[in-house]
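Me: I would like to learn how to read the packing and the aromatic contacts in a model. Please take one feature at a time.

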Amino acid sequence: MIRLVGRLLPLAALLVWEILCRGGAIDTRYLPAPSAILACLAAPGTAGDLLAQTGRTLLRTLGGFALGGAAGFGLGLACGAVRPLDAALLPLVEILRPIPSVAVIPVAVLWLGLGNGLSMAVAAFACSWPVFVAVRDAVRAVDPTLRDTARMGGLSPGRAFRLVLVPASLPGAMTGLRTALGIAVAVAVSCEMVAGSDGLGQLALTAAYARQEPLAWLAVLAMGLAGGACALGVSLFTRLAKRLHPGLLERQPGQGRKP
Amino acid sequence: MRRLRPLLGLLTAFLLWEVAALTAGTRALPTPVAVAWALVGLIQSATLPRALGLTLGHTSLGVGAALGCGIPLGLWMGRSQVVRTLLTPIMELVRPLPPPALIPPAMLLLGFGPGLYMAVIGFGACFPLLLAAMDAGRAVPEILCDTARCQGASRLRIATRVVFPACLPGLAMGLRTTLPIALIVAVLAEMVGGDGTGRLLLRLQRTWRIPEMYACIVGLGLTGWGLSAGLSFLERRFLFWAPSRQHPTPRP
């Protein structure tokens, strides 16, 4: 019963919004009614344009996520497994990590110019950190018994790394990747706002400047849908992986403690 | 030698940067020395401190709003099953919205000013806090509350003297994830409209004062580092009952 009420609550909120707009309690010049926002979709060319811009934003997001995720994953594995490397890189990481990722945009503009590369590079920079930290911690938190068993079994260090450390660090990596994808969407949109000529961020901003409020709200809605689609994709992927390899992405007992 | 290893890595990075800057010879990559001098110049002319002060002000405005909304709501959702099932669907609907998406509507509704920063940064900073508060609220050991109830404590007293302190370590962790997000969103909002470090950064880039631009980024990085270091200092100093302090985890 309560669950049903909870599910109906968003609809009720939309309804209240609509009624307030119709009744004149909200100034529709700034906050159009939901029906007006959706009606804007019917205008010729809007739906197709919105779809194309969403595609561009998603392309940048996924490109940046792939680059940054791969970099963070590799570096995290290396730093987790090789202690001296970690000790050498730690100060550099501590210097680079607190830089707010959007502050890198002006530098990326100088190096890469305006375009897809810019958004992808900044998104990759932003989302490599959570993956790096999660993977490094996960590799370090691998149960010592597992390492010792591998060594006693006569596995060479390379094989032990491949067959024991990497699979055991996957659950930790998954949480890092999930955070990173959310960050990638946000950063891609930010890049489009600050230094872009297309994409959802630019669309929303120009529509707001041009006082096309329904279009701006529509773009915001599309950003929400893009973010939701990414989150849904990750959870579907996890479910699929669990179906194919049960236990692969589940935390082993004794794991998950911070080293 | 072991002690020197971190310094060695840093030194190598700086040398690589210096060599790369000298060989590349583009104005897009100044040498570290030039950046350091630019940083000194920016600090002496009070440009950077003033901009960073504005950014910190905006960030604290947003984080304050997020603390005010997220923590009570999160604790309430954590402590009450009914509220949790009631509000979870709407939260899950709003949560995937990337925080920058709020900038254009906030611009329309609130104009450029403190309202915009408060809304946009507050929105971005709210969800990590809310989720952390919810998890912390759910994880409060029931036995603590039952004990307090047996001693005749009122509901309000249990909430302020038992539940809130028990949740504080979890809330501190939520704040630690929130602060960098808040700083990022603050810089972005400043880039799009207004003042502060984000604006300064774009202006320096557009007027082709590249060493100053890099110095500005260094300043922002130092600010972010200072925020997280200050928070973990406060945590170590005051949260002596945090679970991570009670069972020191063995180093593998």
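Reply: A nonpolar core is a set of buried Ala, Val, Leu, Ile, Met, Phe, Trp, Tyr and Cys residues joined through side-chain atoms within 4.5 Å. Buried means under 20% relative accessible area, exposed over 50%, and partly exposed in between (1.4 Å probe, protein chains only). This is a predicted model, where local features need pLDDT of at least 70, side-chain atom pairs count only at pLDDT 80 or more, and totals for chains, interfaces and linings use all residues. Side-chain values use heavy atoms, without hydrogens and water; residues are numbered from 1 along each chain as its sequence is written, with chains lettered from A in the order in which they are written.

Me: Which residues have the most contacts inside the largest nonpolar core?

Reply: They are A:Ile105, B:Leu201 and B:Met213, in a core of 105 residues. Its largest share, 15 residues, comes from helix α8 (residues 155–192) of chain B; helices are DSSP runs of H or I, at least four residues, numbered from the N terminus.

Me: How are aromatic pairs read?

Reply: Rings of Phe, Tyr and Trp (its six-membered ring) pair if their centres lie within 6.5 Å; planes under 30 degrees apart are stacked, over 60 edge-to-face, the rest tilted. Over all chains there are five aromatic pairs. A:Trp17 and A:Trp217 are edge-to-face, at 6.0 Å centre to centre and 65 degrees between the planes.

Me: What does the pair of A:Trp17 and A:Trp217 tie together?

Reply: A:Trp17 lies in helix α1 and A:Trp217 in helix α11 of chain A, so the pair ties together parts 200 residues apart in sequence. A:Trp17 is partly exposed at 21% relative accessible area, whereas A:Trp217 is buried at 16%.

How values were computed
Helix = DSSP H or I, 4+ residues; strand = E, 2+ residues; numbered from the N terminus.
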